Amino acid sequence: MTEYAGFEGEKNGEVYRSRRRAALRLLVPVAVAAVAVAGVNLVPALASDGSPTLPQLTAEQLIGKALGSDTQQLSGTVQVSADLGIPSELLSLTGHGGAAAAVTGTAGAAGGSGQAKEANGSAASPESRLTALLAGSHTLRVAVDGPDKQRIALVESLAEYDVIHNGDQLWAWDSSSNSALHLSAPQGAEAKHPSSAPLTGLPTTPQEVARQFLAQSAASSTVAVSGTATVAGRSAYELSLKPKQTGSTIGEVRIAVDSATGTPLAVVATGTSGNTILDVHFSDVSLGQPAAKTFTFTPPPGATVTDQRAGQKAAVGGAAKPQNSPKDTPKGQRAPLDKAAPQLIGSDWTTVLSFHLPSDEGSAAVTGTAQGAKGRKLSGLSASSLVKSLGKPVAGGELISTKVLNILVTDDGRVYAGAVTLPVLQTAAGVK
Amino acid sequence: MSQAEVAPPAPTVSAPKAAPVSTTVAAPVMEPVMEPMAASMVAGVRPQTAAGFLALFRNEITLTFRRTRTIALLGLLAALPVLLGVVVKIQTGNLHGGPGGPAFIAQVTQNGLFLVFAAITVALPVFLPMTVGVVAGDSIAGEAATGTLRYLLVAPAGRTRLLAAKFAAAMAFCWAATLAVALSALATGAALFPMGGMTLLSGDTIGLGGALLRAVLIAGVVALSLAGLVAIGLFVSTLTGSGIAAMATTVGLVILVQILDSLPQLQAIQPWLFTDHWLTFADLLREPMYWDGVLHNLGLQALYLAVFGSAAWARLTSRDITA
């Protein structure tokens with residue numbers, strides 16, 4: 001076969017053959033594309049399709065295995081994707097304190113654990129950055145070595161945000177602003193939430209999420225072992241929890257529990273309509289001891305370091321503002337929170353968080369902290385007008401409805417929020 | 001720019017047929033290195049030797065890099081970091097520590113090495129693909145436009161090998177272009193700013209040697225991540241007989257894809273766009289290095305290379321070359 005030229009006159013047959021060959025050759029790229037796309041779709045499916053054969057376990061045994069898991073050391077990559085359907089206006093508030101505690105706490109309450117943590121307004125503060133996980137897809141690299149050493153890195157495009165907890169030291173590092181936040185946390189405060197992420201209250205590994213769910217909700221749930229799965233190359237049991245109570249907007253929570261160690265490897269929550277609300281899973285995990293230097297952090301030369309004493313942080317009044325906060329965060333946003341100490345109504349799946357809406361002057365300041373153009377656009381609005389713009393009137397107040405969370409703002413300025421249906425909120429608010 | 005010094009009356013080179021080439025063709029256009037093959041071609045056998053391909057490749061390389069246009073493009077790329085460095089030097093007070101602006105720029109004042117990464121980050125979305133689009137888009141269409149393609153095909157190279165050589169030469173240009181940016185940035189950074197251990201994205205500090213090693217690694221990854229674009233450029237280049245049209249189409253495609261990549265409504269298709277993972281090179285600046293995104297990017301480039309490379313092959317090998 002020669003591919004290069006010939007000069008013979010073309011007979012009709014040859015023209016025909018060459019056209020046919022041309023057509024055949026044009027099929028090659030199409031075939032390559034098809035094979036490639038099919039391969040890309042099939043390979044992960046084949047890799048994770050593994051319903052490995054594992055010895056039968058009852059749901060109780062599996063819960064026991066998961067809660068009794070004593071995995072103290074692990075490192076790996078966690079993929080978090082959340083589709084709570086929270087309006088971005090609310091989320092930007094959430095990220096900057098004030099009403100933050102409300103939504104953050106509610107998200108926690110969705111699992112029945114409902115711990116409302118105070119927000120902390122600095123550019124590199126863990127709460128504000130990790131709240132971003134409540135929307136969209138994110139990649140985290142985590143390393144855990146016992147209760148005293150944790151590191152979480154939020155992998156961003158051309159940037160990274162790290163929280164490093166080592167004993168009584170807590171560092172938060174933000175590469176995009178080249179700034180670090182240093183907290184000397186008292187040991188006692190850590191002991192209160194041994195299983196949660198350092199000082200954030202936002203669970204970031206499947207392990208933490210699963211423990212929170214299981215510890216609080218197992219009793220009020222229909223629990224079943226729904227099968228087996230392969231997560232991050234490890235064989236796992238799948239535990240399915242469905243609420244016994246009606247009124248929750250969460251339909252099912254599935255937890256993949258490592259068959260060997262009982263470490264939860266993935267948590268997937270679906271809404272009542274079957275849509276995935278939250279998917280936290282390891283894409284890569286190693287149960288060995290992470291290198292010790294993973295947990296040491298020395299602020300790089302040239303970085304802006306903000307020191308915060310633990311005692312100051314505990315003062316909720318917002319007096320403990322960082323002295324030289326790298327980003328100029330407006331002050332005073334925490335003040336409304338004092339009056340609006342949140343409280344929890346109900347239990348387990350239908351927990352409702354309630355608190356007073358901040359007064360308009362205070363909330364204007366809060367709204368003003370929303371970053372960028374949106375913040376400027378909104379800065380003139382009060383919280384109540386924001387509620388009006390997002391909500392729709394229902395009996396007893398305004399309802400802000402998202403895919404999971406429903407938030408009822410009553411006419412007298414109280415807020416009821418939870419992963420529950422409207423009637424539950426109205427009952428909690430006593431308007432029905 | 002012609003590879004054929006002799007111009008005999010222009011014959012039409014038709015789509016390949018299983019016919020041996022008539023001996024009259026052997027005479028005209030042999031580069032000296034090709035001569036050993038001429039004899040075997042006369043015998044009707046096409047040698048598929050590595051030496052033959054190397055000769056063709058070397059030929060394409062000299063052709064590419066001897067062009068004034070190529071040198072001008074490389075000069076443009078090398079000027080970019082100088083401009084960046086000078087601007088940062090003059091405006092030190094304003095840029096330092098402030099949020100916004102291209103990534104890594106804020107750190108340049110403290111460490112000139114960051115200019116390498118800042119320059120690559122700035123050049124990657126626009127300048128690098130533009131120059132690569134020009135070289136890849138022109139590779140076949142330019143030959144067709146100047147009427148030299150048929151002489152190339154008259155030589156006993158074969159269309160597939162010609163395509164491979166064109167691709168290899170364009171990839172060589174990718175390496176050269178990335179190196180031009182990186183080396184110029186390194187020189188500028190060293191001249192204008194202090195050099196030393198650098199801070200990684202994860203907050204760890206590594207020594208100058210390690211940092212240089214990562215810079216080299218990143219330059220390699222960036223050059224490789226242009227492979228998909230080269231394949232697209234080659235394919236476009238086989239579609240038309242006008243070099244300008246092919247260049248404009250390729251560069252236009254890059255811009256179009258980048259626009260698509262920025263629309264939030266198109267999230268479903270964005271992971272499949274060849275520009276989507278370009279900036280993952282920065283994952284190598286974490287400690288430990290995070291390879292997932294980089295490998296994903298390279299896999300995607302390989303996919304584009306397979307699809308558009310085979311499309312270019314199908315087109316070139318079945319097309320009638322009339323010019």
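**Figure 1. D204(B) counts as buried, with a relative accessibility of 18%.** The view is taken from a predicted model. R151(A) is also buried, at a relative accessible area of 7%. The side chains of D204(B) and R151(A) meet in a salt bridge with an N to O distance of 3.9 Å. This pair joins two chains, because R151(A) lies in strand β3 (residues 149–156) of chain A, whereas D204(B) is placed in the loop between β1 (198–199) and β2 (205–206) of chain B. Over all chains, the count comes to 13 salt bridges.

**Figure 2. A salt bridge connects the side chains of R254(A) and E238(A).** The N to O distance is 3.8 Å. R254(A) belongs to strand β9 (residues 250–258) of chain A and E238(A) to strand β8 (residues 234–243) of chain A, so the pair ties together parts that are 16 residues apart in sequence. With a relative accessibility of 27%, R254(A) counts as partly exposed.

**Figure 3. In chain B, the side chains of E287(B) and R214(B) meet in a salt bridge of 2.6 Å, N to O.** Distant parts of the chain are linked here: E287(B) sits in the loop between α12 (243–262) and α13 of chain B, and R214(B) in helix α10 (residues 208–224) of chain B, 73 residues apart. E287(B) is partly exposed, at a relative accessible area of 23%, whereas R214(B) is buried, at 10%. Elsewhere, R151(A), D162(A) and D204(B) are joined into one network by salt bridges that share partners.

**Figure 4. The whole structure contains 11 aromatic pairs over all chains.** In the pair of F104(B) and F117(B), the ring centres are 6.2 Å apart and the planes stand at 55 degrees, so this pair is tilted. F104(B) lies in the loop between α4 (92–95) and α5 (105–108) of chain B, and F117(B) in helix α6 (residues 114–123) of chain B; the two are 13 residues apart and link distant parts of the chain. F104(B) and F117(B) are both buried.

**Figure 5. Y304(B) and F308(B) form a stacked aromatic pair.** Their ring centres are separated by 5.8 Å, with 10 degrees between the planes. Both residues lie in helix α13 (residues 292–318) of chain B, four residues apart, which is about one turn of the helix. Y304(B) counts as buried at 15% relative accessibility, whereas F308(B), at 24%, is partly exposed. Y304(B) and F308(B) form one aromatic cluster together with F235(B), F274(B) and W278(B).

**Figure 6. A nonpolar patch on the surface is formed by L24(A), L27(A) and V30(A).** Together these residues have about 300 Å² of accessible area. L27(A) is found in helix α1 (residues 12–49) of chain A. Chain A as a whole exposes about 18000 Å², of which carbon and sulfur atoms supply 56%.

**Figure 7. A395(A) is placed in the loop between β15 (392–394) and β16 (397–401) of chain A.** Apart from neighbours within four places in sequence, A395(A) is in contact with Q426(A) and V431(A). The C-alpha atoms of A395(A) and P423(A), which are 28 residues apart along the chain, are separated by 9.9 Å.

**Figure 8. Chain A has an average pLDDT of 71, and 65% of its residues score at least 70.** The pLDDT is below 50 over residues 188–200 of chain A, a stretch with 27 contacts in the model beyond near neighbours in sequence. Residues 312–340 of chain A also have a pLDDT under 50, with 53 contacts beyond four places in sequence.

How values were computed: Residues numbered from 1 in each chain as written. Chains lettered and ligands numbered in written order. Predicted model: local features only at pLDDT ≥ 70, side-chain atom pairs only at ≥ 80, totals over all residues. Heavy atoms only, no water. Contact = heavy atoms within 4.5 Å. Patch = residues over 30% accessible without salt bridge, like charges linked within 9 Å, V, L, I, M, F, W, Y side chains within 5 Å. Areas by Shrake-Rupley, 256 points an atom, 1.4 Å probe, with all protein chains shown as cover. Salt bridge = Lys/Arg side-chain N within 4 Å of Asp/Glu carboxyl O. Phe/Tyr/Trp six-rings, centres within 6.5 Å; stacked < 30°, edge-to-face > 60°. Buried < 20%, exposed > 50% of the residue type's maximum accessible area, 1.4 Å probe, protein only. pLDDT = per-residue confidence, 0-100.
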